Amino acid sequence: MERYDALYRLYDEFDAKTLRAYQDFVDVFPPVDSRVALEHWQSASDELERRKDEIRDGFDAGETYADVAAHATRDQAFTALDLYSKYGRSVNALVLDVDETLRSAGGTDNEIPREVLNLLTEFHEKGVPIVVCTGQTLENVKGFTIQGLGNEIVHSGTVSIVYEAGTGVFTPGHGAETKRLLFEDLDDDIRDVFDTVRSQVLSSAPEELRRGTHLQGNEFNITMKPNFETGSAKAVEVIDDALVYQLDLLGETVVEDGSEWARTYYAHSDPEIRGVLEAQGGMPDADVEAIPEDVRDTFDRIDVAYYEGDAAEIGSRELNKVVGVEAALDVLGVDDPFTLVMGDSKSDLRVMQWVDENDCGIGAAPEHASRDVLDHVVRTDELIFDRGKAGDVLRTVYALNRLARLG
């Protein structure tokens, strides 16, 4: 209760809102070659320190409370203390999805906000490893990660990239462990299926589908993307068609005349896929139990993912973000992880469930995340943030880590 009392006094007796405004201004002030602007920054920096000094003088652990007040709102600070009371430890790694989590087409013009980048830099400076965990290709992720965080941080040895939703892990600065191609551990039979589907997925597609989609430049996963604005009516239409086409191609690759079995199997395992098939009148009248056991065993190892108006993807169930995150934490040397997992999709949910089941982290999601993700986050720690406001959760965890140091 002593720390709760200290937080009440901190936010009741000191102007934390103005303190945060000064801290944010000092942190995100752009590099400019202007004497007047630099004088303004220096003036703000001096005022920031003066206000922090007032807090430092008012508490036994004044430096900690000054830092908390400068970064977190009252609600964020109390949430942080609640999390510490529940788990008794600080976060020692960040596992972060990017699209519609750190950045949002609707909330941040598809750019990672400077506030978020600055907070990630602060976590890095305090020795917290960062795992960027996404379904995108490695080259795409490397590009915007270096652009946002800078080459020095990305190549510092404390940043890892899990790409293509777990088929590979890239951790610069770790010698032979820098790049792990996890798909190389799959057996030949499964790799042959992927090689065959990949070689035919565009060349054998109907002309309209060839014109309306393209293949994402993956190293392993087979991802058809729309040649239209993501989420638009045309994108939804073409990705629905791509999903059905992929199911049929996968089925025919696994076994002759296996398209109906593939439709039946994946519709049974995913309500969204069933919905697409039913809408197109393509839902077969078959029982999943009628699928031969060897065919079902193969389907059990292959994942078909549907993202409305965004992508239809074939991947390996043996390779997912959980496998990728475990590999990344291993390379980073995080032996006893307690991670913050931020994400919005079913692939992120697997990581959240993994950390929850193993008591090795907490999950957070944007308000527009999938229903299953939101249900999980609400059931655990209720760390839901507004679209484009990933910084709110990062501030909470920053405060958690500072308060945890008080013991």
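**Labels and the rules behind them**

Mentor: Helices (H or I, at least four residues) and strands (E, at least two) are DSSP runs, numbered from the N terminus. This is a predicted model, in which local features need pLDDT of at least 70 and side-chain atom pairs count only at pLDDT 80 or more, while totals for chains, interfaces and linings use all residues. Residues are numbered from 1 along each chain as its sequence is written, and side-chain values use heavy atoms, with hydrogens and water left out.

Trainee: What makes Glu47 and Arg51 a salt bridge?

Mentor: The rule asks for a side-chain nitrogen of Lys or Arg within 4 Å of a carboxyl oxygen of Asp or Glu. In this pair the closest N and O atoms are 2.9 Å apart, so the name applies. A search of the whole structure finds 34 salt bridges.

Trainee: Why is Glu47 called buried?

Mentor: Buried means under 20% relative accessible area, exposed over 50%, and partly exposed in between (1.4 Å probe, protein chains only). Glu47 has 19%, so it counts as buried.

Trainee: What about Asp53 and Arg56?

Mentor: Their closest N and O atoms are 2.6 Å apart, and they form a salt bridge. Asp53 and Arg56 are three residues apart in helix H3, which means about one helical turn separates them. Salt bridges that share partners also join Glu47, Arg50, Arg51 and Glu54 into one network.

Trainee: Why is the pair of Phe183 and Phe220 called stacked?

Mentor: Rings of Phe, Tyr and Trp (its six-membered ring) pair if their centres lie within 6.5 Å; planes under 30 degrees apart count as stacked, over 60 as edge-to-face and the rest as tilted. Here the centres are 5.1 Å apart and the planes are at 10°, so the pair is stacked. The two residues are 37 residues apart and link distant parts of the chain. Both Phe183 and Phe220 are buried.

Trainee: How do you know that Arg103 lies over the face of Phe144?

Mentor: The test is that NZ of Lys or CZ of Arg is within 6 Å of the ring centre and within 35 degrees of the ring normal. Arg103 is at 4.5 Å from the ring centre of Phe144, and it lies over the face.

Trainee: What makes a space a cavity and not a pocket?

Mentor: On a 1 Å grid over the protein atoms alone, a cavity is a set of points where a 1.4 Å probe fits but cannot get out, while a pocket is an open set with protein on both sides within 12 Å along at least five of seven lines; lining residues have an atom within 4 Å of a point. The count comes to two cavities of 30 Å³ or more.

Trainee: Which element gives the most to the lining of the largest cavity?

Mentor: That is H7, with four residues. Phe144 is among the residues that line this cavity.

Notes. Grid points are joined across faces, edges and corners, and a volume is the space filled by probe spheres set on the points.
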